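Have the model open as you read.

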Amino acid sequence: MAKGLRLVLFGPPGAGKGTQTRLLSGHLEVQAISTGDLFRSNLQRQTPLGLRASEYMNQGILVPDEVTIDIVLEKVMSLNSDDGFILDGFPRNPIQASALEEALDRRSRPVDLVIFIDVPDEELVRRLGGRLMCRNCQTPYTMEEDGQPEGAANRVCDSCGGDLYQRDDDSPAAVSKRIEVYHSETLPVLDFYRDKGLLARVDGVAAVEKVHNRVLKQIQRVSKTEDRE
Ligand SMILES: [Zn+2]
């Protein structure tokens with residue numbers, strides 16, 4: 001079922017989009033396209049787009065939409081038009097959403113569904129503020145109430161032995177700023193897709209597996225509709 005679905009996983013920072021995208025891409029056997037991974041790989045390979053992005057990043061400036069759009073669309077358009085994909089971390093604002101729509105319309109292969117993983121702000125603050133990351137393999141860990149990361153003793157990564165740290169991005173001030181930016185810039189993307197009838201909301205406050213099942217339920221709806229056609 002659901003072969004070739006084109007999906008967007010949408011939600012605030014800390015909603016678990018990355019984890020849900022990985023689970024879903026395994027389940028549906030479609031490619032996950034994460035903006036973060038694309039940036040990293042373009043930077044590592046020093047592609048022209050990666051070099052453009054690094055000029056901004058080195059100055060601590062937000063990478064402009066045109067560069068982000070080029071990086072993501074280059075990847076999306078490199079797929080066969082009947083291949084499915086799951087976008088994680090894109091579109092981040094209505095300008096990016098329009099650019100994606102335009103590109104997919106050229107192939108007559110629009111987005112099938114946008115899944116909104118909804119998590120209230122207080123929960124996001126709790127999650128992001130309690131997050132540690134492995135310096136080496138980037139695995140995220142959650143700090144428990146005693147200040148120790150879950151599943152990793154002595155702040156050492158369970159999978160690679162790397163050292164766990166709190167990213168600057170996850171400091172209390174940075175967390176409130178990220179949530180604020182999400183509300184002002186990213187949330188309007190929801191209206192964009194709601195108007196097109198593509199939005200499915202999932203309650204993101206639950207264990208990872210449970211949220212995954214909720215996501216699957218929403219997807220089964222669209223794939224059933226398509227099977228009938
Ligand atoms: Zn590690």
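## Into the sheet

Start with I33, whose bridge partner in β3 is L87. Strands here are DSSP runs of E with at least two residues, helices are runs of H or I with at least four, and both are numbered from the N terminus. Strand β2 (residues 31-34) and β3 run parallel, joined by 4 bridges; two strands count as paired if DSSP finds at least two bridges between them.

A word on the ground rules: this is a predicted model, so local features need pLDDT of at least 70, side-chain atom pairs count only at pLDDT 80 or more, and totals for chains, interfaces and linings use all residues. Residues are numbered from 1 along each chain as its sequence is written.

## The neighbours

Strand β1 (residues 6-10) also runs parallel to β3, again with 4 bridges, and L9 stands opposite D88 there. β1 pairs with strand β4 (residues 113-118) too, parallel over 4 bridges, with V8 facing V114.

Put together, the open sheet has 5 strands in the order β2-β3-β1-β4-β8, with parallel pairing. β2 and β8 (199-203) are the edges, each pairing on one side only.

## Both faces covered

Strand β3 (residues 85-88) has F85 and L87 buried on one side and I86 and D88 buried on the other. Buried means 20 or more other C-beta atoms within 10 Å of a residue's own, with C-beta atoms placed from the backbone.

## A buried lysine

K17 belongs to helix α1 (residues 17-28). K17 counts as buried because 22 other C-beta atoms lie within 10 Å. Leaving aside residues up to four places away in sequence, K17 touches L9, G11, D88, G89 and I117 (contact: C-beta atoms, placed from the backbone, within 7 Å).

How values were computed:
Buried ≥ 20, exposed ≤ 12 C-beta atoms within 10 Å, placed from the backbone. Contact = placed C-beta atoms within 7 Å.
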